[in-house]
Amino acid sequence: MPDAAARRWIMARGRWVQAAIAAALGALAAFGQAPWDLWPLTLLAFGGIYGCFAASPGWRRAAWLGLAAGTGYFAVALSWIIEPFLIDVARHGWMAPFALVFSAVGFALFWAGAQGIARRLGGEVLAWAALLTLSEALRGWLWTGFPWAQPGHALISTPMLHWASVSGALPLTFAIVTGGAALWHLALGRRWAGAAGLAVLGGLYAAAPWLSNAPSPGADAPIIRLVQPNVAQAEKWDRAYMQDHFDRQMRYTFADTPPDLIVWPETSVPTLLNHADDLLGAIAEAARGAPVVLGVQRAEGARYYNSLLVLDGQGHQTALYDKHHLVPFGEYVPFGDLLGRFGIRGLAQQGGYGYSPGPGAQVIDIGALGAALPLICYEGVFARDVAAAPGRADFMLLITNDAWFGQVSGPFQHLAQARLRSAEQGLPMIRAANTGVSAIIDSAGQITAQIGLGQAGYLDAALPPPAAPTPYARSGDWPALVVCALLAMVAGLLHRTRNRRRHTDSD
């Protein structure tokens, strides 16, 4: 279809029909996310999204179509976001549709802004891709950030993951949206432009495996035991079930030959740390000399913390880490005093009170295993939380309770982002999840051992060694941000130059 004919066909549709087409394409693009991993579908869908953008007559229509595409995308990609509200339907169920709609539309506003600005800058492909990438970076920062389900995450399941060690996650988004635009150009008969874009993407894909430098564990590699009790969130704090859940974890801890480290998931100790001395003594006895990592809640006066505790082989507390990046409306509520009057309280804290944030990222000592960078649940989504650590660890240690995320897409997307963190930093990860997926991940982001979603059990597996610090570990997101900003600026300058020439010629 020639370019002019494609533009006429799109613009012949009414405003709302155009929005429906863009929303459908956005929804299609979301199926590149885990667990579906249909990344070619994401590529094709972004070709259509770019086609709608390219046909838009002005920045307002471009922004409108960006809003529609983003809403469709996030409504599917983040459909799991209703799951926490369905655990206690009587109290929170009414909030589920609002949570999904507000999230989808709110995050789509970033795409709307990117497409509106890109149209004002002349509508060039590279400006469009750069500004969409920058909008995703902004989404990951503003109001504590939420970088979940970036379009580039569709490539985590492919060899392209290895490029994250060079430049992080943002260029993966740039690659997939420019690849989509290249497909659109090819479909319109612009063979050179389309083929060149796809050739670059294909070259990056083919070269990606050469970037993997993950060393394999040796014969003397430490053995890690992952404990996965598989406790449903609706039962987690029910006193009728708590003893059974604790006993299950104790059986897994006591089983077989003691490993070098035992890891329980987030909030796995069924009482506050302040009152847990007897339980900790029993856990140390069951571990038979192995150090244990536990998820526990604790109180300091009126403040509550979501914490990670390390017990050494003698049962002594050797390290304590408090989660510092909390989940808005889950672990704390902005303007909590006001919203509490309407029954809106944090979902994830056992009495409805909000958690307090810890002092920040840390590196903790795990004895013979070396230094660990602790992460609790949501913190594994943020590359900047990993980069904020005061030094380089030997491995990352993530404990989480993904029972909040349901059984469809949320836990798998959370796991995919853990793989991304390992690939970015060149560090292996120990990941213990209450309901799964618990896993050992090597320094290239590949899963070497796992316990599947919804399974109760334990797994002993070797911990892979770390790789050398990656380029991304040294530089962070700044190179990608600077390149995208420069592309947008150059596009704007070229657009202004072309406009001046047109005015000069017309005079």
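Start at Leu-226. Leu-226 stands opposite Val-263 in β2. Strand β1, residues 223-228, pairs with strand β2, residues 261-263, in the parallel sense over three bridges. Two strands count as paired if DSSP finds at least two bridges between them. Strands here are DSSP runs (E, at least two residues), helices are runs of H or I (at least four), and both are numbered from the N terminus.

A word on the source. This is a predicted model, where local features need pLDDT of at least 70 and side-chain atom pairs count only at pLDDT 80 or more, while totals for chains, interfaces and linings use all residues. Residues are numbered from 1 along each chain as its sequence is written, and side-chain values use heavy atoms, with hydrogens and water left out.

Now the whole sheet. Six strands make an open, mixed sheet, ordered β5-β4-β3-β2-β1-β12. β5 (317-322) and β12 (457-462) are the edges; each has a single partner strand, so one side of each is left without a neighbour in the sheet. On average, neighbouring strands are turned by 30 degrees against each other, direction ignored.

Which helices pack here? Helix α12, residues 239-254, lies across β1, β2 and β12, at about 160 degrees to β1. Helix α13, residues 277-287, touches β2, β3, β4 and β5, and makes about 175 degrees with β3. Contact means heavy atoms within 4.5 Å. Axes are lines fitted to C-alpha atoms, for helices over the stretch in contact, with angles from 0 to 180 degrees between N-to-C directions.

Next, cavities. How many of 30 Å³ or more does the search find? Five, over the whole structure. A cavity is a set of points on a 1 Å grid, over the protein atoms alone, where a 1.4 Å probe fits but cannot get out; lining residues have an atom within 4 Å of a point. Points are joined across faces, edges and corners, and volume is the space filled by probe spheres set on them.

The largest cavity holds about 220 Å³. Its lining has 18 residues, with Trp-141, Pro-147, Gln-150, Ala-383 and Asp-477 nearest the centre. α8 (125-139), α15 (383-387) and α16 (410-425) each supply at least two lining residues.

Last, back to α8. Glu-136 and Arg-139 form a salt bridge there, at 2.5 Å, N to O. The cut-off is a side-chain nitrogen of Lys or Arg within 4 Å of a carboxyl oxygen of Asp or Glu. The two are three residues apart in helix α8, so about one helical turn separates them.

Terms used
1 Å grid on protein atoms, 1.4 Å probe; cavity = no way out; pocket = protein on both sides within 12 Å on 5 of 7 lines; lining within 4 Å.
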